[in-house]
Every structure is written in structure tokens, then in C-alpha cells.
Amino acid sequence: MMHYDIVVIGGGIAGYTAAVRGLQAGKKTLLINQGQSALHFSSGSIDVLAKLPDGSAVTHPFDALDKLKQQNDQHPYNIVGQASLMEGLHWFQHIMTDAGLPMYHQPEGANHQRITPLGTLKATWLSQPFVYQHNAPLPFKRIVVITIEGYRDFHPQMLQDNLRQHVDFANTHIEHKTITLPGFNAYRRNPNELRSIDIARFLKQEKAWDHLCRTLMMLATPEDLVILPAIMGNGDGLILMNQLREATQLHFHEVPTMPPSLLGIRIEETLNRTFIQLGGIQLKGDKVVKGAFSNGQLTEIYTQNLRDMPIQAKHFIMATGSYFSQGLKASQQQISEPVFELEITYSEPRSSWRHSQFFAPTPHPFMTFGVQTNTQLNPYQQGIAIKNLYCCGSMLSGYDPVFEGSGGGVAIATAYYAIMQALKTDSAAYSTQEALI
């Protein structure tokens, strides 16, 4: 039998947030990480709130929370509250900076516009150093979109054409260029099979790196914005981007591409490195399959790999994600939480789960389905709140992370709030025990 102060179930951004904060508080913490998280598919930026449920744009997320509550009083931000939301996000920002991956936002807590791989603009709150934070007017004379010959997951012509449709770039000269890396043909078996991670490995070769730097300086000037797919590094991407800027003196905007997203992987690697440095214990490639409950408490859990060896803890934080990562399961007529059979908020019948049009002016209902909790983020099982289990991130009900542009913010804020609730409970229990003595 293994015993911990805190067990975190799920290795995405919410899981790591809870685990790292628990370790900072001196708690013996176990992280159970099933495998590749959704960060491998993410933009690498942290969205807090880009749109309200009625579709109206948000420029200052924290100032919009009152309107959000009026339109959706079930939103997780209403549980967390503005103070805890801001505290959690700023804590996350400091953690990333201290670990070597600084992330930035606009003054006064405003959103900024991020140029996407499709050439659209997306409102976000926190971005990595080589993500251009657009606010009109454009401070560059040209935009030069760069791709690598044979790279399958980036389409510069589409980015260029769509960006030209935006009013902010209507009078800006935009062009795209393709760079051929020497020796690249021998590195691949067919003309279009390579992914970002393959190019990152190839650029470790000095000849390829030097050729990239020289070619970029021929194609662009320091007065241009160079849009580059995220192809730098596997564990050292930010270091290489700094070296690229120093060698070329160019201004870069990295865009995430099809998985694996190196910008998202940078966040995961940074969090994982911090977790290990703080002394965390991790079960990688394992998943929780069941738990035992008694008197409104989760007493122990069992994993697929450890089988009959139970894991006990004072507190459990659950961050298993939504449908994508199988934290929620959809069948023909119902939505369920597959590990502990926690109570789910969803509507019936199935025909009410979505709008008739895929691109709808309001969120699809199924995106707002998820685990129901109380104000401490304790979930319910058969009508009973499980007091030492806390749910966070995209498994929660009451919001649409895609439509609202709130995924990263909710993940960090609810995970931070959940672990602080657990730490507060421990502190209260200690104070009571001390008083009795």
C-alpha cells in the first residue's frame, strides 16, 4: 500500500498546476499521468476569456466576469471568483518564468490578438516570448511567412490569403517563402512525410542551422515580421529561438501547427521539469481504473499497472480532461465519468446536445456538459459530495472552452482553487488538533 498527502489524477495543465502547488506547500504528491496530454495539441498560449456566451468579444477578461455571471451563473469562474482566478494565473506565470519559459500579457490585464496558422486572429491572454501580440497599428513594414520544403503541416498560402482579409493587414505587404534545407531530401522517405519534431531534430545539424539563418537574412529584414511554424527544439526550443533572433536580428512570430505542437510541448516539459525538481513522484503511462469510497470520502484508488496495490491519500485532485482525453465518455444516450461514476450535468434527449449548424453563433450544448460539483469543487456520487476529491479543468460542466476561448484559464484557475481548498482543509484540521492538545 502506498500513501501520499495528495494524489493528482491527470497530467495536463490542470494536473500539473495542482501537483506543483501541492509540492510547494510541502505535501508528498503523486501525479498519475496516463500519457500524452492535450498540451501536445495546444497553441502554447493561455486563453482566459475571449467571448461571452452570447458571442460578444471580450477585451479585458477580468472586467467581464460580472457580465459572464449574468449570462451563465454555472460557469467555473463563478465558483473560483475573480481574486482566486487572478492569483492562480499570476502564480502560473511566475512558475513558468522561474523555470525558464517566461510568458507575457498586455498591460491592465487585456487580451491580445494572436495570429493563428490559418491566418485568423484569436484573442488570448498569456503568450510565449516569440508570439507576436497584435494590437493595431502593425509596427512592421512587411509580413514574411516562412515554411520548410517538405513540411506537411503548415500552409503559408492559406495563412497569407486569410490574413489579407483582415482590416488590420489590408495595407500590409504579405508574402510567403519556402526554404529548402540542405540534405533534407535524404532525411525523408517521401516528399511530404515530415512533422515539426522531425525538422527540429534536423536543425540540430550545424550545416542545416547555418543555412536557415543565412536564408532568413536574405528573405527578411529587421523591419519585417517573420511568421515561422513552431519547428524549434525538443526540450530547448526557447533557447534556439533566442539564438535564431540573435543570429539574424529578425522579429519572429511562432505559430503552432498540427500535432505535435512544439509550443504546447514546451509548457508540458517546463511543468514536468518543475514537478521533478520539487520532488514529485509520477506514475507515467498509468491510469486510475477504480476507487473505494466510505462516508463521503475517497479512501483509495487502483491503477491499471499496479492492479491490486491500493494508493491512499488525504486528498485527491482529478484532472482527467474532457472527451478527447477520455475524462468524459459519450454513449448513445448519456454522458458519463468513466472512473468513479461521478454525477454529470447533461441534457436529454441526444438531439438537444448540438445545434443544427456546426458553426453556430452560440456554444454547442455538449461542450458544456461535465462533472457537477459544489462550491469547493467536490463532485457528487449518488447524491453525496466526496469531500476529499476535487475536480478541475475541462471535465467540469458549465462552460465551453472552445467557443469562449477560456480553456487554459479555467484549467489553471480551477486546479489552483482545488489544491488551495485541500491545503485549507489540512490547515483547519491541524489547527483543530492543536487546540484539542
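Student: Which class does tyrosine 346 fall into: buried, exposed or partly exposed?

Tutor: Tyrosine 346 has 24% relative accessibility, so the residue counts as partly exposed. The cut-offs: buried is under 20% relative accessible area, exposed over 50%, partly exposed in between (1.4 Å probe, protein chains only). This is a predicted model, so local features need pLDDT of at least 70, side-chain atom pairs pLDDT 80 or more, while totals for chains, interfaces and linings use all residues. Residues count from 1 along each chain as its sequence is written, and side-chain values use heavy atoms, without hydrogens or water.

Student: And phenylalanine 369, buried or exposed?

Tutor: Buried: phenylalanine 369 has a relative accessible area of 5%.

Student: How many aromatic pairs does the structure hold?

Tutor: A ring pair is described by the distance of the centres and the angle of the planes. Phe, Tyr and Trp rings (six-membered ring for Trp) pair with centres within 6.5 Å; planes under 30 degrees apart are stacked, over 60 edge-to-face, the rest tilted. The structure holds 10 such pairs. Take phenylalanine 62 and tryptophan 125: the centres are 5.5 Å apart and the planes at 90°, so this pair is edge-to-face.

Student: Which parts of the chain does that pair tie together?

Tutor: Phenylalanine 62 lies in the loop between strand E2 (29-33) and helix H2 (65-71). Tryptophan 125 lies in the loop between strand E4 (121-124) and strand E5 (142-148), so the pair ties together parts 63 residues apart in sequence. Helices (H or I, at least four residues) and strands (E, at least two) are DSSP runs, numbered from the N terminus.

Student: What are the distance and angle for tyrosine 346 and phenylalanine 369?

Tutor: Their ring centres are 6.3 Å apart, with 65° between the planes. That pair is edge-to-face. Both residues lie in the loop between strand E15 (344-345) and strand E16 (370-371). They are 23 residues apart, and the pair links distant parts of the chain.

Student: Where does a lysine lie over a ring face?

Tutor: The test: NZ of Lys or CZ of Arg within 6 Å of the ring centre and within 35 degrees of the ring normal. Lysine 28 lies over the face of tyrosine 4, at 5.0 Å from the ring centre. Lysine 51 has its charged end over the ring of phenylalanine 403, 4.1 Å from the centre.
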